[in-house]
Amino acid sequence: MPKTAYKPSLDSTARDFALDKTSISRFVPIAPESIADGEARNFSLYLYGDGRFVLYRRSELPLAIEDLTRLKENGVDTLWILSTDHKKYLRHLQSNLEKILTDYRVPIQDRSKLLYEVSRDVMEDLFKDPDDPVNLTRVESLAKDQMHFLEKEPLAFRSLLGLTCHHYYTFTHSVHVSIISSALALRQTIIDKENREKLALAGLLHDLGKTLISTDILDKPGKLDQKEWIEIKNHPTNGRQLAKQGGVIDRDILGAIEQHHEKYMGGGYPNGIGGNEINILARYLTVADVFDAMTTKRAYDRRYSAYAALDKMVRQMKNLFDPEILKVLISLLGEPVMEGIGRKVESGGTL
Ligand SMILES: [Fe+2]
Ligand SMILES: [Fe+2]
């Protein structure tokens, strides 16, 4: 919250909108940089000071870079929006995402935070309503913006990884898998730019088929019965179908969605194929998928540290993965994790 009250020249009706500080739950703080784009908005901006929220900019008045400078000069580093406008704000962010992510005046951590916030919103909407074509269009545009950000900013991956939610939700998991597999592909030259963008999108969509499975099954802490297990095993094929119905026509993307549970040494599902028969994009997804699932808290298993997850992937699960891609994950996560491999896990049980 700003320490001092900034008294800008408000329009004459501003006082009508002044609100008591008890209304704080009705407001959400936002970073002024995220909306200083000179674009029209469909939500108003407020300032907080002297125990009151005061209207700063009506929705029709854009915020420009000069306004941002003035706010900074006056010690204002937070603006507020009505919590009922939060969805509108996230939509606005997404429509200007490319511009925001390439604004080098904004620290990388802040840009990463905005990307992650938009990603969560886009994916939550997709998983709520996968049949709405608008949701799929938003996911496609997000995949491009995310991949460009990772390409241009070498520190973006670490910054995004630090933000990832540690509780497992299919929509955040999909964001994580997309980010991790994109970062893996950027470390190898065999995947060109076009395929990297496909991979980012395939990551976001890979578990779309889970929208057809009830949460009782997805979050079941105990063992699944045969019928439930069949439902789970159908999600790659159903995901492919849903993506196709939504307008995805690219065969590589559809193939990656369908094959992300195939195992490199064979024996996976739905088709039990192996090695290079598996779509290359799917092989990236498998590595990212397992790593993210293990490092987040799921209903039926504990959360592993990055080191413990990698250790288990290398020692006990390596049949699942393309060994070249697994190596890239190890190097991507850096020396501190690699050094740990081969040592006894200090906590969290035996692997
Ligand atoms: Fe899956
Ligand atoms: Fe997954």
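Modeller: A nonpolar core is a set of buried Ala, Val, Leu, Ile, Met, Phe, Trp, Tyr and Cys residues joined through C-beta atoms within 7 Å. A residue is buried if 20 or more other C-beta atoms lie within 10 Å of its own, exposed if 12 or fewer, and partly exposed in between, with C-beta atoms placed from the backbone. This is a predicted model, in which local features need pLDDT of at least 70 and side-chain atom pairs count only at pLDDT 80 or more, whereas totals for chains, interfaces and linings use all residues. Residues are numbered from 1 along each chain as its sequence is written, and chains are lettered from A and ligands numbered from 1 in the order in which they are written.

Colleague: Which residues of the largest nonpolar core touch the most other members?

Modeller: In soluble globular proteins, nonpolar side chains tend to be buried together. Here the largest nonpolar core has 66 residues, and those touching the most other members are Val 139, Leu 184, Ala 202, Leu 204, Tyr 284, Val 287 and Phe 291. Apart from this core lies another of 18 residues, among them Ile 35, Ala 36, Tyr 46 and Leu 63. Two residues are in contact if their C-beta atoms, placed from the backbone, lie within 7 Å. Leaving aside neighbours within four places in sequence, Phe 291 contacts Ile 180, Ala 309, Met 313 and Leu 329. Across the chain, buried residues make up 38% of the 351 residues.

Colleague: How many helices and strands does the chain have?

Modeller: Helices (H or I, at least four residues) and strands (E, at least two) are DSSP runs, numbered from the N terminus. The chain has 16 helices and 5 strands.

Colleague: At what angle do helix α4 and helix α7 pack?

Modeller: Two packed helices are described by the angle between their axes and the distance between the axes. Axes are lines fitted to C-alpha atoms, for helices over the stretch in contact, and angles run from 0 to 180 degrees between N-to-C directions. Helix α4 (residues 108-128) and helix α7 (residues 170-186) pack at about 125 degrees, with their axes 8 Å apart. The contact involves Ser 119, Arg 120, Met 123, Glu 124 and Phe 127 of α4, together with Thr 170, Phe 171, Thr 172, Ser 174 and Val 175 of α7.

Colleague: Is Gln 146 buried or exposed?

Modeller: Gln 146, in helix α5 (residues 133-152), is buried, because 27 other C-beta atoms lie within 10 Å. Not counting residues up to four places away in sequence, Gln 146 touches Leu 115, Ser 119, Ser 178, Ile 179, Ser 182 and Ala 200. Gln 146 and Leu 201 are 55 residues apart in sequence and 9.6 Å apart in space, C-alpha to C-alpha.

Colleague: Which residues of α12 are buried, and what covers them?

Modeller: In α12 the buried residues are Ile 253, Ala 256, Ile 257, Glu 258 and Gln 259. Their cover includes α8 (193-205), α11 (235-245) and α13.

Colleague: What should be noted about the backbone at Asp 50 and Pro 270?

Modeller: Most residues other than glycine have a negative phi, and most peptide bonds are trans. Asp 50 has a positive phi, near 50 degrees, and lies in the loop between β3 (45-49) and β4 (52-57). Asp 50 is exposed, with 10 other C-beta atoms within 10 Å. The peptide bond from Tyr 269 to Pro 270 is cis, with omega near 10 degrees. Pro 270 lies in the loop between α12 (251-259) and α13 (280-295).
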